[in-house]
Amino acid sequence: MAEQLHEDGTYATSVPGLTLYRWSHTSSPHYGVYTPSLCVVVQGEKQVWLGRRVLVYNLATYLISSIHVPAQSRVSRATPAEPYLALRIEFQPQELFDVLEAGGARPDSSEPQPGLFVARSDGPLVDAIARYVSLVDSPEDEPFLGPIWRREIFYRVLRGAGGARWARMLMAAGHADPVHRAVRYLAEHFRDPVRIEDLAAMVNMSPSTLHRHFKALTEMSPIQYQKRLRLLEARRILVAGGLSVTEAALSVGYESVSQFTRDYARLFGLPPSKDADRSRLAP
């Protein structure tokens with residue numbers, strides 16, 4: 001993998017769902033949205049904040065995101081001599097059900113837990129991932145070997161240390177679990193007005209039960225989750241340029257520009273225009 005990454009940056013690849021990363025220095029905290037994916041560090045270390053929880057993963061571990069969830073992260077170990085090297089494999093939960101049903105793992109029966117977690121890697125999983133990454137250099141093999149090795153990766157995860165927990169999340173997502181339905185709805189409709197009572201009725205739960213289970217899964221209330229998605233999308237729009245602060249605020253669903261400005265500064269530390277300017281100048 002190191003041979004493919006000569007400079008710092010994010011590298012999209014022709015291999016389905018595979019993105020590569022290289023950073024030669026530690027980074028300041030960065031806000032983003034984790035999509036359903038398997039994240040693996042090949043060299044260095046990364047920290048992720050989900051609410052008050054801090055997740056750390058490195059060569060010995062991997063991170064799984066089973067849902068769309070806003071989180072803060074930073075590269076916590078990297079040097080020019082030993083840069084941070086990592087990869088992400090995005091997935092659709094639907095593609096994993098046949099692996100699960102074929103005996104990949106048994107779901108555990110514990111209470112709802114956050115949809116972002118770290119588990120310990122093992123040799124067979126690392127080998128399967130290495131083969132999948134090698135397809136970057138042999139794209140002609142990908143149509144034949146890619147699906148096989150991708151399926152093996154998911155099998156190895158489901159059979160490994162975090163398998164039972166991931167299996168439970170996959171089963172919930174695939175069987176119309178009400179909390180997962182609520183998360184998906186907000187992720188897809190974060191610009192729209194929403195009342196917790198209406199969202200709870202939509203998924204056939206009481207507002208208090210939905211609030212409790214939603215927070216267990218995302219470390220946020222439904223309204224906090226929606227607000228975080230709105231602010232992250234507004235920041236992306238402002239950094240890209242082309243829209244004013246007012247236009248960006250309205251485009252993500254805010255009705256009050258002053259409220260948007262207050263929420264934005266509370267999250268990112270600067271008013272929208274100044275933060276966007278700073279982000280454009282950042283290396």
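User: Which residues lie nearest the centre of the largest pocket, and how many residues line it?

Analyst: In this predicted model, 45 residues line the largest pocket, and Pro29, His30, Tyr31, Gly32 and Ser73 lie nearest its centre. A residue counts as lining because it has an atom within 4 Å of a point of the pocket. The space in the largest pocket amounts to about 1600 Å³.

User: Which elements supply at least two residues each to the lining of the largest pocket, and which gives the largest share?

Analyst: At least two residues each come from strands S2 (18-23), S3 (30-34), S4 (37-43), S8 (69-77) and S9 (84-90), and from helices H8 (222-240), H10 (257-268) and H11 (272-281). H8 contributes the largest share, seven residues. By class, the lining of the largest pocket holds 23 nonpolar, 14 polar and eight charged residues.

User: What is the volume of the second largest pocket, and what lines it?

Analyst: The second largest pocket has a volume of about 470 Å³. Its lining consists of 19 residues, with Glu219, Met220, Gln224, Arg228 and Leu267 nearest the centre. Two or more lining residues come from each of strand S5 (45-50), S8, H8 and H10. For the second largest pocket, too, H8 is named as the source of the largest share, here five residues. The lining of the second largest pocket comprises nine nonpolar, three polar and seven charged residues.

User: What makes Phe91 and Phe154 an aromatic pair, and why is the pair called edge-to-face?

Analyst: The search of the whole structure finds six aromatic pairs. For Phe91 and Phe154 the centre-to-centre distance is 5.9 Å and the angle between the planes is 75 degrees. Phe91 is in the loop between S9 and helix H1 (97-104), while Phe154 is in helix H3 (residues 142-159), so the pair ties together parts 63 residues apart in sequence. Both Phe91 and Phe154 are buried.

User: Why is the pair of Phe214 and Tyr225 called edge-to-face?

Analyst: The ring centres of Phe214 and Tyr225 are 5.4 Å apart and the planes stand at 80 degrees, so the pair is edge-to-face. Phe214 belongs to helix H7 (residues 207-218) and Tyr225 to helix H8, 11 residues apart, and the pair links distant parts of the chain. Phe214 and Tyr225 are both buried.

User: How do you know that Arg230 and Arg235 sit over rings?

Analyst: Arg230 lies over the face of Tyr254, at 5.8 Å from the ring centre. Arg235 lies over the face of Phe268, at 4.1 Å from the ring centre.

User: What makes strand S7 mostly covered, and which way do its side chains point?

Analyst: In strand S7 (residues 61-65), five of its five residues are buried. Thr61, Leu63 and Ser65 point one way, and Tyr62 and Ile64 the other way. In a regular strand, side chains alternate between the two faces of the sheet.

User: How do you know that S7 pairs with S4 and with strand S10 (residues 116-120)?

Analyst: Pairing requires at least two bridges. Four bridges join S4 to S7, and five join S7 to S10, so both strands qualify as partners of S7. S4 and S7 run antiparallel, as do S7 and S10. Val40 stands opposite Tyr62 in S7, and Leu63 has Val118 in S10 as its bridge partner.

Technical notes: Residues numbered from 1 in each chain as written. Predicted model: local features only at pLDDT ≥ 70, side-chain atom pairs only at ≥ 80, totals over all residues. Heavy atoms only, no water. 1 Å grid on protein atoms, 1.4 Å probe; cavity = no way out; pocket = protein on both sides within 12 Å on 5 of 7 lines; lining within 4 Å. Points joined across faces, edges and corners; volume = space filled by probe spheres on them. Nonpolar A, V, L, I, M, F, W, Y, C, P; charged D, E, K, R; others polar. Phe/Tyr/Trp six-rings, centres within 6.5 Å; stacked < 30°, edge-to-face > 60°. Buried < 20%, exposed > 50% of the residue type's maximum accessible area, 1.4 Å probe, protein only. Lys NZ or Arg CZ within 6 Å of the ring centre and 35° of its normal.
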